Amino acid sequence: MFKKTILACLVGSSLLSGQISAESISGVVKDENDQPIAGAKISVVGESQSVLTDANGRFVVSNLLASEAELHIEARRFGHRNFHFSVPQQGLNDVSLTLLSSTIEVIDVKASPFHASATESAIPVSVLAGDALKMRQASTLGDTLKNEVGVHSNFYGGVASSPIIRGLDGPRVLITQNGLDAGDASRVGPDHSVAAEASTATQIEVLRGPATLFYGSGAIGGVVNVVDERIPTDNSTRAEWMLQRESVNNEKLAAGSLVTGVDNIGLYVDGFWRDSDDYRIPGFAEAQPDDDAVKGRVASSAATAKGFTLGGSYLLDNGYVGVSYGRLEREYGIPGHSHGGHEEEGDDHAAEEHVYADLTQNRYQLLSELNFSSGLIRTVNTRLAFTDYEHSEIEGGAVGTTFKNRSQEARLELLHRPYQDWRGGLSLHYKFSDFEAVGEEAFTPPSETQMLALGWMEERHFGPWLLQLGARVERVTIDATDVLLPDIGAHSHDGDDHSHDHDHGAEFIRVFDVSQRFTPYSVSAGTVWDFTEGYNLGLSVSRSQRAPAASELLSFGAHIGTASYEVGALFVLDDDDFVLNTQPIEMEVANNLDITLRKFSGNTGFVLNAFYNRIDNYYYQQNTGLFAESGHNHGGHDHGDDDHSHDAELPVYLFTTADVTLHGLEAQFSWQINDPFKLTLQGDYIRARIQGGGNLPRTPPLRLAAELAYELDALSADVRATRYFKQDKVSELEQATAGYTLLDASVSYRFNLGPQQLTAYIKGQNLTDEDARVHTSFLKDLTPLPGRSVAVGIRGSF
């Protein structure tokens, strides 16, 4: 299938590359004060061409493919706008286009087939790009995005973290690389690293809410799209690089990327190297060099990673076709396997029980975009990916468990020519995942998941109103062999009565095959009303279904990384014994309402979001109150009858369903006080309740933040304070988490050295050395946030 699709793209591109017409548009881009805007980018919607305005704001767009043209204009510190033109054969000359200044950074979203900006979408969107991305990039994706409105991190000792969007994570949040699934094992457990690197990304997009159905039911909670230039769409030579050193974990980072080419060939290469030690936590002094152990550091939180990407594209007059290959290697500790969470002087176990994961991923991608000047189809977008992912968890030099995920994905988007002012099209989407876990912690059996989907998306302007409609239907199959149902001898800790024989689980294990079929569908409708200049109101409603993931359905085993014994929804608890669930497996059904009010012009701006999400048959891990043996002896260390005597016993969590309600508020306010000073205030609140009583576990707390930024000439600086409030709305048997305040700051200086633009910077995090426990973390009692940290670095571009 993939070879045929690739061949069809190449043949089609060569046949259609000569279809060019001669219409052109020339003019000037100005601000609201009639002053020219230099460096504004003018893109032709539905075509692969763009130009920049000169010092006088002038531009020329030539060789348009159609007589009806739509120009998308973007510029830093200005709101983006679209302009529609009917272009005669002789072209249009001296058109005047006006942009409104904006204190809110407006960036186009690559995840959308329409490439709309965040202020033009009916659903809430956040984009982290440019200098902000470079300053906030961290070793994990969750920690990179943790300061975005509505986004939290399930912090896992600094070595692995995934984004939490509006209280949802795991299989409900789709993580993509240039629009295609990352193909890793991060959705199976929080101790599994996301196979994406922020240091070489150009932007990271967060699409919130179930209306992201264009990507499938796996995006019922949202989409995080990591964008890079691994398949270049032009061949203008440019490069970026950075070097950084951080104090709290002695991290060293080097990263760089280059785009170049010749004639109609575009080439891309990037690479990075990152190395860090165990990180320091607050409340402990640094150890002296002759100490036997390092004080106050989280055991097994060191990591090293390296990777590179090679890509190339054939640039056509009406699009491009490109391929890429990426290699990622990452080795990181697993704090959840160690006893006690942090090392103190005299703790001999920390040195003995180093447990780490060894990750490798090979990823191949093909992307193409072809635009046609006539006929019903205006644009054909093709995306293909093949990913070979594997990571092994190693203890005492021996491999304990190996996780593998070999995945294939193909998406074909057919966008039609505007009809009655409607624009949109169809999407055909296929995804296959062959997941396997082998070893003593293989808590989920090998399984194959296939998905085939048809999606439809349309939008139209009615004066100041933009209407967006969408629908999608899928066929999801989950097939697994060797599904286990062992008798684990689960018991409660009532008194000292341990009447169950803990060796009983090895005596009887049932093995059987499972085949499940689901047909989820999703529909959505949204509107954006530009009720006055510089303001709009967005409204989105959706109904989305999601089939349970294989891990939610089939798991049955100890998951040491989360300190729990996980049992899937295929099983039920019957008088302290687990038996097969005889009831039909239900799909999740989410009914979501989003309301967004935006002001994006002038020296003040704001974005206010309110959402209400009712999810029926929501899958979550319920604490059964029972305990079971892990079957894991941490490398054979015998702790006798000391305080570690219960380390081999884990609480049993059962995936079960309930009707839940999630609702909340998100707000961001920006004020350009004067030319150099800008104040930004933001906050988010999520309430996650189970119908009939109770709360969902690990729900992010109320959060408020304030940032004061200074930017004038070559100097930039900012200081940011973030308050995380106490979270006491907890689930049964879950502990409350105290509130804390984090103080961060940074200073950067820009200068030129020959043809290079350089930026030297210093940034500090947790400057008050606050002892902070992340409520959404599975290991909050073992791994507090890093203590005071200072990073220095330099980055350059040309």
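The protein chain contains five helices and 43 strands; both are DSSP runs numbered from the N terminus, with at least four residues (H or I) for a helix and at least two (E) for a strand. The model is predicted, so local features need pLDDT of at least 70 and side-chain atom pairs count only at pLDDT 80 or more, while totals for chains, interfaces and linings use all residues. Residues are numbered from 1 along each chain as its sequence is written, and side-chain values use heavy atoms, with hydrogens and water left out.

Of the 798 residues in the protein chain, 55% are buried. Buried stands for under 20% relative accessible area, exposed for over 50%, and partly exposed for the range in between, with a 1.4 Å probe and protein chains only. The accessible surface of the chain is about 32,100 Å², and carbon and sulfur atoms hold 54% of that surface. Such areas come from the Shrake-Rupley method with a 1.4 Å probe, and for residues only the protein chains shown count as cover. Among contacts in the chain with a separation of 6 or more, 67% join residues 24 or more positions apart; a contact means heavy atoms within 4.5 Å.

Lys-30 is opposite Thr-98 of E7. Strand E7 also contains Asp-94. Asp-94 has a positive phi of about 60 degrees although it is not a glycine, and its relative accessibility of 59% makes it exposed.

Leu-733 lies in the loop between strand E40 (715-724) and strand E41 (740-753), and at 57% relative accessibility it is exposed.

The surface also carries a nonpolar patch formed by Leu-412, Leu-414, Leu-426, Leu-428, Leu-452, Leu-454, Trp-456, Val-473, Tyr-521 and Val-523, with about 810 Å² of accessible area together. Patches are made of residues with over 30% relative accessible area and no salt bridge; like charges are joined within 9 Å, and nonpolar side chains (Val, Leu, Ile, Met, Phe, Trp, Tyr) within 5 Å. At least two residues of the patch come from each of strands E24 (398-419), E25 (422-439), E26 (447-462) and E29 (521-532). E26 gives the largest share, three residues. Leu-454 is in strand E26 and is partly exposed, at 44% relative accessibility.

Charged pairs come next. The whole structure holds 39 salt bridges, a salt bridge being a side-chain nitrogen of Lys or Arg within 4 Å of a carboxyl oxygen of Asp or Glu. In one of them, Arg-76 and Glu-711 have their closest N and O atoms 3.5 Å apart. Arg-76 is in the loop between strand E5 (68-74) and strand E6 (81-86), and Glu-711 is in strand E39 (residues 703-712), so this pair ties together parts 635 residues apart in sequence. Glu-711 is partly exposed, with a relative accessible area of 28%.

Arg-280 forms another salt bridge, with Asp-769, and here the closest N and O atoms are 3.6 Å apart. This pair also links distant parts of the chain, 489 residues apart: Arg-280 is in the loop between strand E17 (265-276) and strand E18 (297-298), and Asp-769 in the loop between strand E42 (756-765) and strand E43 (789-797). Arg-280 is buried at 9% relative accessible area, and Asp-769 is buried at 19%.

Glu-552 and Arg-546 form a salt bridge whose closest N and O atoms are 3.0 Å apart. Glu-552 is buried, with a relative accessible area of 3%, and Arg-546 is buried at 2%. Elsewhere, salt bridges with shared partners join Arg-136, Glu-148, Glu-707 and Arg-720 into one network.

Methods. Two strands pair if DSSP finds at least two bridges between them.
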